[in-house]
Each structure stands twice: as structure tokens, then as C-alpha cells.
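Let's walk through this model together, one step at a time. Have the sequence and the 3D view ready as you read.

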Amino acid sequence: MITTRMIRMMADNYNKIEAQLDFRDISEHINEEGLEGADITTLIDDVHEHFEVATRLNFKKSKGHYRALLSRLVKTYGH
């Protein structure tokens, strides 16, 4: 029997897996384009804007996705 908690855990895993894939794509883009400093900050700001929209509109799956992606980007590339 699948419980509500299991469904939430599966959704969280989906968000994390998708965020990992997006993180990899963004990291590749940063490396291929040779982005530094302000350019990386602009990229992170764009992801943050998506997170804010998902939060404002209460898109729970998107919000979790962008939260995980944003967290990883900030940890890797700074504030």
C-alpha cells in the first residue's frame, strides 16, 4: 500500500533527480561558455526568479525543484 508519505518521498526524489540533471546542464553551460562572476550570478538570479514565481503561485512540485537546484547552485558557485 502506498501511503501519502511515500508519495511525498517519491515527489521529493523526482525533484532532486531533476534538479541534479538541471544542475549538470547549467554547470556544463557555465564551463563551455567560460562564465565567471556576474554572469554566474545572473544565472543564479534567473533560477531564483523561477523559484519565486513557483512559490507565489504555490506550484509545489516546481517550488521543490527550483529550491533544490538553487541550493546546489549557491553551494557550488556562491551567493
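## How confident is the model?

Confidence here is given as pLDDT, the predictor's own score for each residue, from 0 to 100. In this predicted model, helix H1 (residues 4-33) has the lowest confidence, with a mean of 73, while H2 has the highest, at 93. Across the protein the mean pLDDT is 82, and 80% of the residues reach 70 or more.

A contact means heavy atoms within 4.5 Å. Where pLDDT is low, the predicted coordinates should not be read in detail.

## The overall fold

The protein has three helices and zero strands; helices are DSSP runs (H or I, at least four residues), strands are runs of E (at least two), and both are numbered from the N terminus. Of the 79 residues, 22% are buried, meaning under 20% relative accessible area with a 1.4 Å probe, protein chains only.

## How H2 and H3 pack

How are H2 and H3 angled to each other? H2 (residues 37-56) packs on H3 (residues 60-77) at about 155 degrees, with the axes 9 Å apart. The two helices are therefore roughly antiparallel, a label for angles over 145 degrees.

Among the residues that meet are Ile44 and Phe51 from H2, and Leu70 and Tyr77 from H3. The residues of this contact divide into 11 nonpolar, four polar and two charged. Nonpolar covers Ala, Val, Leu, Ile, Met, Phe, Trp, Tyr, Cys and Pro; charged covers Asp, Glu, Lys and Arg; the others, Gly among them, are polar.

## About the numbers

Residues are numbered from 1 along each chain as its sequence is written. Local features need pLDDT of at least 70, side-chain atom pairs count only at pLDDT 80 or more, and totals for chains, interfaces and linings use all residues, while side-chain values use heavy atoms, leaving out hydrogens and water.

Methods: Axes fitted to C-alpha atoms, helices over the stretch in contact; angles between N-to-C directions. Parallel < 35°, antiparallel > 145°, perpendicular 65-115°, else oblique. Buried < 20%, exposed > 50% of the residue type's maximum accessible area, 1.4 Å probe, protein only.
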